[in-house]
Amino acid sequence: MTAHTTLRHRHVLTLSAQPAAVAVARETAEYVYRTWGVHPRHPALAAALLMLSELVTNSVRHAAEVSPSLDVLYAVGGGVLAFAVHDRHPHRPDLTTIAKPGGGLAIIAELTTEYAGTATVRPDADAGGKSIWITLPLQ
């Protein structure tokens with residue numbers, strides 16, 4: 001899959017870790033991806049919006065106490081739609097062993113597989129936080 005460094009378009013949004021962040025992250029995704037030429041009805045975009053909502057919700061629910069803000073990075077390039085959600089909570093979920101069927105991370109794992117994408121958890125250099133990166137092909 002395309003390396004993150006080759007993603008031509010990028011946008012970063014910093015949000016307070018509050019419930020309203022979910023809607024703002026989704027609305028921003030719809031806007032920036034449309035601006036970059038991703039059709040609003042593209043199947044990968046629908047999947048991306050659902051996964052993005054789950055990741056932001058998880059940051060708000062589980063990380064807000066230690067990470068009062070979160071960052072969302074949106075990107076497109078090389079036939080790939082990508083996004084990441086970053087918070088400063090040190091817990092790094094193992095996306096390969098989802099324990100709770102039907103939960104948010106299980107949905108992310110299922111959609112990533114269904115759309116032939118990737119899901120990666122990247123720790124911060126100081127191990128004090130993480131980014132969860134999702135890439136989905138646009139072909």
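What does the secondary structure of the protein chain come to? The chain comprises three helices and five strands, where helices (H or I, at least four residues) and strands (E, at least two) are DSSP runs numbered from the N terminus. Read from the N terminus, the order of the elements is β-α-α-β-β-α-β-β. The model is a predicted one, in which local features need pLDDT of at least 70 and side-chain atom pairs count only at pLDDT 80 or more, whereas totals for chains, interfaces and linings use all residues. Residues are numbered from 1 along each chain as its sequence is written, and side-chain values use heavy atoms, with hydrogens and water left out.

The overall dimensions were examined next. The radius of gyration of the protein chain is 14 Å, which agrees with the value near 14 Å for a compact globule of 139 residues; this radius is taken over C-alpha atoms, and the globule rule is 2.2 Å times the number of residues to the power 0.38. Along the principal axes, the C-alpha atoms fill a box of roughly 35 × 30 × 25 Å. Of the 139 residues, 47% are buried (under 20% relative accessible area, with exposed meaning over 50% and partly exposed in between; 1.4 Å probe, protein chains only). Among contacts (heavy atoms within 4.5 Å) between residues at least 6 apart in sequence, 70% join residues at least 24 apart.

Glu54 is buried yet has no salt bridge (a side-chain nitrogen of Lys or Arg within 4 Å of a carboxyl oxygen of Asp or Glu). The nearest side chain of opposite charge, that of Arg61, is 6.1 Å away; in this assignment Lys and Arg count as positive and Asp and Glu as negative, while His and the chain ends are not counted. Beyond its neighbours within four places in sequence, Glu54 is in contact with Gly104, Ile107 and Ile108. Ser59 is also found in helix α2 and is buried, because its relative accessible area is 5%. Not counting residues up to four places away in sequence, Ser59 touches Ala64, Leu70, Val85 and Asp87.

Pro90 occupies the loop between β3 (80-87) and α3 (104-114). With a relative accessible area of 42%, Pro90 is partly exposed. Once neighbours within four places in sequence are set aside, Pro90 is in contact with Ala127, Gly128 and Gly129. Pro90 and Ala48 are 42 residues apart in sequence, and their C-alpha atoms are 24 Å apart in space.
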